[in-house]
Amino acid sequence: MAAAPLFAQHGFEATTAAQIAKAAGVSSGSVFYYFEDKRAVFRAVFERDLPRSRALIERALAEPDPFAALLAIVDTIAAEAMDPIAFGLMVELLRQIGRDEELVSVVTDNDALIVDGLAELIRRATDTGDVDPALDPAEAARWIQTMIDGSFLSADPSRDPRPMLRRTVSRFLAPPAIEETDV
């Protein structure tokens, strides 16, 4: 979406419909033919995450190894933090979220989709012995989502957050080590 880099670079308030139209290669009036207002354009940037997230979760739930599928979700989402506009968009999202109930709904729906999928994979991976059975799957999934979100807030396009996230998530979910005792 042509507006995303503008919102990331200039912020919501400073981005104009004329800039959006120019970036999209359409007339200024065309922007409001397709969108009710500038807030709708901003929401659309995040609405496109819903079908992608749904497809990601569906693919992961179809995988035979739930732990590997869970880590693949972490990798896929965290890879987006390397996009040069990721940090600016996340900052602007945090600025705008309290000003748009529909935006709250979009972000909440996407987060719920991811968290529910992660929780199901955690349940399955607990059954295979790859995850600590003492963890509550829904709570653990929320923590993983928080870790992923953190990679966007500390985004640096020159650094790949995936190895550290994989390590952190893997250790967080790991079953406790079985201690050998002398008999």
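I shall begin with the overall fold, then turn to one helix packing and to a group of aromatic rings.

A word on the basis first. This is a predicted model, in which local features need pLDDT of at least 70 and side-chain atom pairs count only at pLDDT 80 or more, while totals for chains, interfaces and linings use all residues. Residues are numbered from 1 along each chain as its sequence is written, and side-chain values use heavy atoms, with hydrogens and water left out.

The protein chain has ten helices and zero strands; these are DSSP runs numbered from the N terminus, helices being H or I of at least four residues and strands E of at least two. The C-alpha trace spans about 80 × 30 × 25 Å along its principal axes. Of the 183 residues, 39% count as buried, where buried means under 20% relative accessible area with a 1.4 Å probe, protein chains only.

Let us turn to helix 1, residues 3-10, and helix 7, residues 86-96. Their axes come within 7 Å and cross at roughly 75°; axes are lines fitted to C-alpha atoms over the stretch in contact, and angles run from 0 to 180 degrees between N-to-C directions. The two helices are therefore roughly perpendicular to each other, a term that covers 65 to 115 degrees. Ala-4, Phe-7 and Ala-8 of helix 1 meet Gly-88, Leu-89 and Glu-92 of helix 7, contact meaning heavy atoms within 4.5 Å.

What covers the buried residues of helix 7? The cover includes helix 1, helix 4 (38-47), helix 8 (101-127) and helix 9 (137-153). Among those buried residues are Leu-89, Met-90 and Leu-93.

I come now to the rings. The structure holds five aromatic pairs, a pair being rings of Phe, Tyr or Trp (its six-membered ring) with centres within 6.5 Å, stacked if the planes are under 30 degrees apart, edge-to-face if over 60 and tilted otherwise. Phe-7 and Phe-12 have ring centres 5.8 Å apart and planes at 20°, so this pair is stacked. Phe-7 is buried, with a relative accessible area of 0%, and Phe-12 is buried at 4%.

For Phe-42 and Phe-46, the ring centres are 5.2 Å apart and the planes at 65°, so the pair is edge-to-face. Both lie in helix 4, four residues apart, and both are buried. Ring pairs link Phe-7, Phe-12, Phe-42 and Phe-46 into a cluster.

Notes
Angles under 35 degrees count as roughly parallel, over 145 as roughly antiparallel, 65 to 115 as roughly perpendicular and the rest as oblique. Buried means under 20% relative accessible area, exposed over 50%, partly exposed in between (1.4 Å probe, protein chains only).
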